Amino acid sequence: MNRATPRKPYTLSAVVWSLDSADTLEACLQGLDFCDEIVVVDGGSTDGSRAIAQALARRVYFHPHAN
């Protein structure tokens, strides 16, 4: 008998908005490791947040705020 692996009935995604949050972003993203997908939207950080997000999130969008 061939048993299929049970599938989860849902996918849990976390979306994190970030702007110059390098000092807390890594801990935040690591705390979301129970999610199936982590997406970070960076608002134009200049402090290294973008690099942290790229290392830990599945998808990172860089969208600088228009002034």
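Guide: A crossing of two helices is called left-handed if the near helix is turned anticlockwise from the far one by less than a right angle, and right-handed if clockwise. In this predicted model, local features need pLDDT of at least 70 and side-chain atom pairs count only at pLDDT 80 or more, while totals for chains, interfaces and linings use all residues. Residues are numbered from 1 along each chain as its sequence is written, and side-chain values use heavy atoms, with hydrogens and water left out.

Visitor: At what angle do H1 and H2 pack, and how far apart are their axes?

Guide: Two packed helices are described by the angle between their axes and the distance between the axes. Axes are lines fitted to C-alpha atoms, for helices over the stretch in contact, and angles run from 0 to 180 degrees between N-to-C directions. Here H1 and H2 pack at about 15°, with their axes 9 Å apart, so they are roughly parallel to each other (under 35 degrees, by definition), and their crossing is right-handed.

Visitor: Which residues of H1 and H2 meet?

Guide: Contact means heavy atoms within 4.5 Å. Ala22, Leu25, Glu26, Leu29 and Gln30 of H1 meet Ser49, Ile52, Ala53 and Leu56 of H2.

Visitor: In what order do the strands of the sheet lie?

Guide: Helices (H or I, at least four residues) and strands (E, at least two) are DSSP runs, numbered from the N terminus, and two strands pair if DSSP finds at least two bridges between them. The open sheet has the order E1-E2-E3, with parallel pairing; E1 (13–18) and E3 (59–62) each have a single partner strand, so one side of each is left without a neighbour in the sheet. E2 (residues 37–42) pairs with E3 over four bridges, and Asp42 has Phe62 in E3 as its bridge partner.

Visitor: Which element has the lowest mean pLDDT?

Guide: pLDDT is the predictor's confidence in each residue, from 0 to 100. Among the elements, E3 has the lowest mean (95) and H1 the highest (98).

Terms used:
Angles under 35 degrees count as roughly parallel, over 145 as roughly antiparallel, 65 to 115 as roughly perpendicular and the rest as oblique.
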